[in-house]
Amino acid sequence: MSALSLTKELYFTTTTVIDWMDVFTRPQYKHIVVESLGYCQENKGLDIYAWVLMTNHLHMIVGIRGENTIGDLLRDFKKFTSKKVVKAIQDNQQESRKNWMMNRFWFRGANDKKITNYRFWQEDNHVEQLYSYDFYKQKLDYIHLNPVRQEIVQDPSDYLYSSARNYAGMDGLLKVIVAP
């Protein structure tokens with residue numbers, strides 16, 4: 001990649017909640033995802049170049065250090081966060097959508113032999129290898145403009161749950177490798 005020197009492969013990933021349910025509307029649930037990503041950075045070899053957590057999906061540009069593959073990492077991340085978010089929803093006495101959400105999670109997991117109780121994330125992961133600097137830049141802009149397109153903020157750096165803050169020279173919630 002021209003303006004970005006790489007010693008490893010980078011991937012654009014999208015992980016989506018089942019039925020595109022708007023689960024990440026409460027900070028409590030968002031922070032489970034952020035903390036889990038931080039854990040993956042420290043312990044599983046995840047390098048984050050860009051990310052945004054929307055109400056029902058997570059986009060990232062990532063690289064992997066060590067023995068894990070992108071598939072291994074996403075599998076472990078989804079398994080951990082699904083259990084943790086579902087438990088948080090069950091325990092949240094203020095969650096007005098609890099019964100509806102739990103019924104959807106149960107219904108989507110009921111006929112899947114790999115699922116014990118509930119399916120939270122869609123089974124598949126959208127993963128694209130970034131093969132050029134232009135493709136990287138396109139995905140970076142797409143990630144950072146997501147909250148603007150959804151009219152959550154006017155400026156990408158105003159959105160707390162995104163690496164746009166890091167790219168604007170501000171502190172973000174996660175450590176990010178800021179690439180040009």
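This is a predicted model: local features need pLDDT of at least 70, side-chain atom pairs count only at pLDDT 80 or more; totals for chains, interfaces and linings use all residues.
Setting aside neighbours within four places in sequence, serine 82 is in contact with Phe120 and Trp121.

Serine 82 also takes us to the largest pocket. Which residues lie nearest the centre of that pocket? Ser82 is one of them, together with Lys79, Lys114, Ile115 and Tyr118. The lining has 22 residues in total, and they divide into 10 charged, 6 polar and 6 nonpolar. The space inside the pocket comes to about 630 Å³.

From here, move over to helix 1, residues 27-43. Its 17 residues reach 24 Å from the first C-alpha to the last, close to the 24 Å expected at 1.5 Å a residue. The buried residues of helix 1 include Ile32, Val33, Val34 and Leu37, and also Lys30 and Gln41. What covers the buried residues of this helix? After helix 1 comes glycine 45, with a positive phi near 80°.

Now for helix 4, residues 133-149. This helix has 17 residues and spans 23 Å from its first C-alpha to its last, close to the expected 24 Å. Where does helix 4 kink? The kink, about 30°, lies at isoleucine 143, shortly before proline 147. Both Ile143 and Pro147 are on the list of buried residues in helix 4, as are Tyr133, Tyr136, Leu140 and His144, among others. The cover over the buried residues of helix 4 includes strands 1 (11-16), 2 (46-53), 3 (57-64) and 4 (126-129), plus helix 5 (164-167). Just past the end of helix 4, glutamate 151 takes a positive phi of about 60°.

Is phenylalanine 135 buried or exposed? With a relative accessible area of 10%, it is buried, since that value falls under the 20% cut-off. Leaving out residues up to four places away in sequence, phenylalanine 135 touches Glu128, Gln129 and Leu130. Then there is phenylalanine 12: it is 123 residues from phenylalanine 135 in sequence, yet the two are 9.6 Å apart in space, C-alpha to C-alpha.

Methods:
Residues are numbered from 1 along each chain as its sequence is written. Side-chain values use heavy atoms; hydrogens and water are left out. On a 1 Å grid over the protein atoms alone, a cavity is a set of points where a 1.4 Å probe fits but cannot get out, and a pocket is an open set with protein on both sides within 12 Å along at least five of seven lines; lining residues have an atom within 4 Å of a point. Grid points are joined across faces, edges and corners, and a volume is the space filled by probe spheres set on the points. Ala, Val, Leu, Ile, Met, Phe, Trp, Tyr, Cys and Pro count as nonpolar, Asp, Glu, Lys and Arg as charged, and the others, Gly among them, as polar. Helices (H or I, at least four residues) and strands (E, at least two) are DSSP runs, numbered from the N terminus. The expected span of a helix is 1.5 Å times one less than its number of residues. The bend at a residue is the angle between axes fitted to the seven residues ending there and the seven starting there. Buried means under 20% relative accessible area, exposed over 50%, partly exposed in between (1.4 Å probe, protein chains only). Contact means heavy atoms within 4.5 Å.
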